[in-house]
Amino acid sequence: MRISTFLKLAGLVVALALVYAVYRLGWSVIEPKVEARVAKIGLTPGQVAANGPLPGDVGLYAKELDCQQAIPTPGYYPSFNGAEISDAQRSGIFPCASFLGSREGANTVYAWRSVDDYPGISYINNRKPGELYLVGGEYPTFEDPNMAGPYIAKADAATGKQIWRTYFDNLNASGRWIGNANLNILDNGKIVFAWSNQIVLLDADTGQILKHNTLPSGAAPTADVNYKHLTIAPDRTLILKDQTRPKGCKLQGTIAIIKCAAEGMKQPPSQLVAVDPETLEVLHDIQMPEPATSPHIITMFEGRIAIYVPMDTMVQRVFWDPATKKLSLDESWVIYPMQKGQSAATAPTVIGDWIAVQLNGIGSETVASSVVVTNQKNPTKTHILFPFGALKKGEWSFAMPKNGADPENHMLYSADMGIGKVAGIKLDPATGEMKVAFVLDNMTTTFQPLFGPKDQRVLMLTQMKLNVPKEPVKTAFFTQNYTEQLTWRDAATGKLLAESDYFEPLTGNSLTPPGFGGRVYFPTAAGKGFYVLQAMPKPPAAK
């Protein structure tokens with residue numbers, strides 16, 4: 001009896017051991033599958049499809065860099081995006097950027113989110129292949145209205161892994177107004193950066209601050225200026241202009257201008273400043289006639305360095321003389337493009353002999369946005385186009401970004417987020433007359449960069465989707481209650497070529513810049529870092 005019981009117990013032990021062995025063996029196979037599935041929770045289809053960092057087509061790196069270095073960019077590092085928006089004209093044209101997808105068939109957009117977080121990213125620039133530089137900490141979000149910053153970070157271009165990060169301010173401690181700030185890489189490889197009334201020179205390899213200076217605030221209180229607009233003249237002189245926060249406004253971020261101006265608060269006039277790129281010495285500064293919320297641009301006009309400055313009611317040309325080190329207002333070229341009820345002009349756009357501006361840069365509830373083009377030689381030669389027609393009752397026109405432009409193909413692009421449309425516009429280079437080539441139902445607050453050579457231009461547009469379809473657009477924008485995707489389109493027709501998944505909102509009035517090897521970067525403001533995107537022909541379905 002005892003022997004029988006013993007044998008039964010022994011058999012039970014052996015059976016349990018076999019069950020445990022089978023369990024362990026099975027779990028060793030099942031566990032990785034479970035972990036893999038858990039890791040994919042919350043990922044978009046594009047992220048799941050990529051399943052890792054996106055280096056792009058590494059075989060294109062050298063070709064793309066050589067292409068870009070053959071294009072003159074005086075003062076800027078000769079890379080894809082050494083300037084805030086490609087060059088001193090803020091053209092948004094990237095002729096050496098590659099589109100790896102099909103122009104005829106279906107495409108898939110792969111996605112990878114940076115492994116490190118970069119709260120409040122506004123701009124992403126590159127220098128050499130493999131390098132990314134980010135500006136963040138100066139775009140307040142609904143969850144974090146007083147974020148610490150600004151900062152610049154260097155990251156790996158494929159993974160988004162941080163290499164270094166340098167903070168310049170903390171509004172909670174300094175009490176300064178911190179608005180959007182742009183990023184420019186000098187031709188010597190160093191970074192120049194301005195915010196509030198401050199300017200620094202930075203070592204791009206280490207993040208070390210090499211030099212610092214303060215900038216004049218003019219008629220505005222020091223706490224109410226933001227030298228966001230920094231552009232490099234052909235002689236390498238830094239030309240900066242400040243935005244001014246309306247008097248009495250205590251809000252943070254560039255959005256403070258829009259919100260407080262809507263409440264009737266008045267902005268002081270802006271200051272235009274010339275700065276030495278090596279020493280950061282202020283060479284000369286002048287007060288503009290009005291507040292200038294939108295950025296200026298720099299180009300050459302009849303052998304002179306010309307700066308076009310948009311203001312509250314006017315756009316005026318300013319000359320910079322490298323010999324005398326002086327800025328001077330050109331009283332012979334002043335235009336008043338706004339119609340009654342419209343708001344500020346966005347940054348000007350050079351297209352051949354013409355200067356184009358988009359109206360309603362800070363919004364209007366009474367008059368639609370228009371595009372105005374004026375001859376550089378004769379400001380009386382002006383043409384006006386309302387690409388979306390008249391504003392309907394209850395609509396809000398908000399054309400935040402400057403016009404996109406393709407001078408080689410005589411095209412302009414106009415985006416009005418408030419009514420949710422984008423237009424392609426054909427310009428007659430001889431007469432300046434315009435006609436609408438296409439209109440898209442497409443809501444976006446951002447610029448319209450162009451990738452690729454003249455005969456293969458690809459138009460990059462983000463597309464916003466409201467989380468509550470019937471919510472007023474203005475409310476959704478200010479609360480960031482929407483998602484956003486990136487689309488690749490034929491620049492001549494607007495035809496959709498590829499579209500990404502929807503992500504958290506892109507930083508407002510930002511850029512989706514190109515990366516080497518056919519990649520595109522999608523910066524977000526809500527502390528989730530940035531996305532690396534790559535469009536490719538859709539693989540054939542598995543049988």
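Ser114 counts as buried because its relative accessibility is 4%, where buried means under 20% relative accessible area (1.4 Å probe, protein chains only). The model is predicted, so that local features need pLDDT of at least 70 and side-chain atom pairs count only at pLDDT 80 or more, while totals for chains, interfaces and linings use all residues. Residues are numbered from 1 along each chain as its sequence is written, and side-chain values use heavy atoms, with hydrogens and water left out.

Ser114 is found in the loop between strand 2 (107-113) and strand 3 (123-125), strands being DSSP runs of E of at least two residues, numbered from the N terminus. A polar atom of its side chain lies 2.8 Å from the backbone oxygen of Asp116. Beyond residues up to four places away in sequence, Ser114 touches Thr159, Gly160, Lys528, Gly529 and Phe530; contact means heavy atoms within 4.5 Å.

The largest nonpolar core contains 34 residues. Such a core is a set of buried Ala, Val, Leu, Ile, Met, Phe, Trp, Tyr and Cys residues joined through side-chain atoms within 4.5 Å. Ile199, Leu238, Ile239, Leu240, Ile307 and Leu327 touch the most other members. Among the elements that give two or more residues to this core are strand 9 (198-202) and strand 12 (238-244), and strand 13 gives the most, with four residues. Apart from this core lies another, of 28 residues, among them Phe99, Val109, Val458 and Met460. In soluble globular proteins, nonpolar side chains tend to be buried together.

Note on methods
Buried < 20%, exposed > 50% of the residue type's maximum accessible area, 1.4 Å probe, protein only. Polar contact = N/O pair within 3.5 Å; in protein donor to acceptor, adjacent residues only side chain to side chain.
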